[in-house]
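Subject: Structure handover

Hello,

Here is the structure for you to take over. My notes on it come after the files.

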Amino acid sequence: MIKEELKHYLEQTFPNSKVDETFDFPVLFITKEELIPVMKQLRDAPETKFNFLFCETAVDRNPELEMVYHLSSTYYHHDMMVKVVLEDRENPVIESVYSLWEAADLYEDEIYDMFGIRFTNHPNLRRIFLTEEWVGYPLRKDYQDDKIISL
């Protein structure tokens, strides 16, 4: 599907969700409660076959945190993004998509390490860059470190 067809498909399939677009991709905004059923449908539906999670990351929109999933279909050569806003900044938790795409393993470890977002049902969530004793999450906008050099 070309971008416009995919956007139309998303609007028809998920009528209660916001659908937007970037220069490259359609973007589907869902709630964290919808994450696993929607992602499973996008992966398994014969119309989409999003069989590849090529990026999973987070963005600090202060005060919310936002999860961003980039999906690709190696069958149809189309791509899209799924975004989920996490409003609980003090205790951000979302379901892991590892059960759908094993590529999520290290993506979610990195997001946990840098943003402090915890993933339920992740097989081995851990810090991969920083030590367990490290205080804070360096990619959050409110992160403070007295060793940071300001230019």
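Predicted model: local features only at pLDDT ≥ 70, side-chain atom pairs only at ≥ 80, totals over all residues.

The model has an open sheet of 5 strands, in the order S1-S2-S5-S4-S3, with mixed pairing. At its edges lie strand S1 (18–21) and strand S3 (52–60), each of which pairs on one side only. On average, neighbouring strands of this sheet are turned by 25 degrees against each other, direction ignored. Strand S2 (residues 26–30) pairs with strand S5 (residues 79–86) in the parallel sense, over 4 bridges. Within this pair, Val27 has Met81 in S5 as its bridge partner. Helix H3 (residues 104–115) packs on the sheet, where H3 touches S3 and strand S4 (65–72). The direction of H3 makes about 5 degrees with that of S3.

Helix H2
Four residues are named here: Leu35, Val38, Met39 and Leu42 of helix H2 (residues 35–44) are buried. They lie on the same side of H2, because the arc they cover around the axis is only 95 degrees. The cover over the buried residues of H2 includes helix H1 (3–13), S2, S4, S5 and S6.

Arg89
The loop between S5 and strand S6 (93–95) contains Arg89. Is Arg89 buried or exposed? Its relative accessible area is 9%, which is under 20%, so Arg89 counts as buried. Leaving aside residues up to four places away in sequence, Arg89 touches Asp60, Asn62, Pro63, Glu64, Leu65, Arg140, Lys141 and Asp142.

Regards

Note on methods: Residues numbered from 1 in each chain as written. Heavy atoms only, no water. Pairing = 2+ DSSP bridges. Helix = DSSP H or I, 4+ residues; strand = E, 2+ residues; numbered from the N terminus. Axes fitted to C-alpha atoms, helices over the stretch in contact; angles between N-to-C directions. Contact = heavy atoms within 4.5 Å. Buried < 20%, exposed > 50% of the residue type's maximum accessible area, 1.4 Å probe, protein only. Arc of directions from axis to C-beta.
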